[in-house]
Amino acid sequence: MMTEFQDVFPLQKNRVHEACGPGAIGFAAKACGQDDMTVLWLQAGWQSEQLNPVGLMSFMSPKNLTLVQAESHKDLLACTEDGLRSGAVKLVVCELSQDLDLTAGRRLQLAAEEGGSTGILVIPEGAGSNATQTRWHCSPIFGGDHKTDKNLTLQHWQLIKNKSGTLGGWKVFWDAEAHRVIVVSKDGE
């Protein structure tokens with residue numbers, strides 16, 4: 001039995017989730033657009049591609065975003081943990097370039113529970129922690145027929161790990177006017 005999209009997105013609060021694949025940053029951006037969230041977005045300072053807050057304007061107001069660049073992987077994890085535990089923001093997004101061991105994953109999960117924040121770890125393909133609640137593989141769909149006259153970019157979001165239920169996959173797009181993710185179809189439809 002396949003999970004229903006509304007049971008897994010918006011993401012479960014007080015938990016840490018993972019996203020991988022070429023659409024993972026878009027997944028995190030769309031999660032930021034839910035409920036006018038305040039967001040802490042963490043990146044490694046040495047990354048060649050840096051987030052431009054103006055690029056998130058169709059998802060959220062840049063005034064709700066705090067962007068942090070950390071000097072090391074250790075600092076990135078420490079800032080993520082502090083952000084989750086503080087409760088000062090509703091969502092913490094962290095772009096990781098290395099694997100996350102079970103201890104670090106568990107620390108982040110406990111911090112999210114304590115602070116009442118939700119975390120999204122953007123991870124490399126094949127990486128991930130057993131401590132996270134869900135893991136999503138996200139990729140764009142090019143040139144599809146999506147039965148709408150809007151100029152949209154379809155995404156395929158596949159739930160590949162779910163601690164509290166079954167897995168599933170959906171074709172989705174972001175409706176900027178409604179500020180929500182619209183499901184076009186489930187996998188297999």
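Is Ala44 buried or exposed? At 3% relative accessibility, Ala44 counts as buried. The views below show this residue and other parts of a predicted model.

**View 1. Ala44 and its contacts.** Ala44 belongs to strand β2, which covers residues 39-44. Leaving out residues up to four places away in sequence, Ala44 touches Gln50, Ala70 and Leu76. Trp136 is 92 residues from Ala44 along the chain, and the C-alpha atoms of the two are separated by 21 Å.

**View 2. The largest nonpolar core.** This core has 31 residues, of which Phe27, Val39, Trp41, Val93, Ile120, Trp136 and Trp157 touch the most other members. At least two residues each come from α1 (24-32), β2, β4 (91-95), β5 (118-122), β6 (134-141), β7 (154-162) and β8 (168-175). The most is given by α1, with six residues. Another core, of 20 residues, lies apart from this one and includes Val16, Leu40, Leu76 and Val89.

**View 3. Helices α2 and α3.** Helix α2 spans residues 73-86 and helix α3 residues 102-115; their axes are 7 Å apart, at an angle of about 25 degrees. Angles under 35 degrees count as roughly parallel, and α2 and α3 are therefore roughly parallel to each other. On the α2 side, Leu77, Thr80, Glu81, Leu84 and Arg85 meet Ala104, Arg107, Leu108, Ala111, Ala112, Glu114 and Gly115 of α3. By class, this contact has six nonpolar, two polar and four charged residues.

Technical notes
Residues numbered from 1 in each chain as written. Predicted model: local features only at pLDDT ≥ 70, side-chain atom pairs only at ≥ 80, totals over all residues. Heavy atoms only, no water. Axes fitted to C-alpha atoms, helices over the stretch in contact; angles between N-to-C directions. Helix = DSSP H or I, 4+ residues; strand = E, 2+ residues; numbered from the N terminus. Parallel < 35°, antiparallel > 145°, perpendicular 65-115°, else oblique. Contact = heavy atoms within 4.5 Å. Nonpolar A, V, L, I, M, F, W, Y, C, P; charged D, E, K, R; others polar. Buried < 20%, exposed > 50% of the residue type's maximum accessible area, 1.4 Å probe, protein only. Core = buried A, V, L, I, M, F, W, Y, C linked by side-chain atoms within 4.5 Å.
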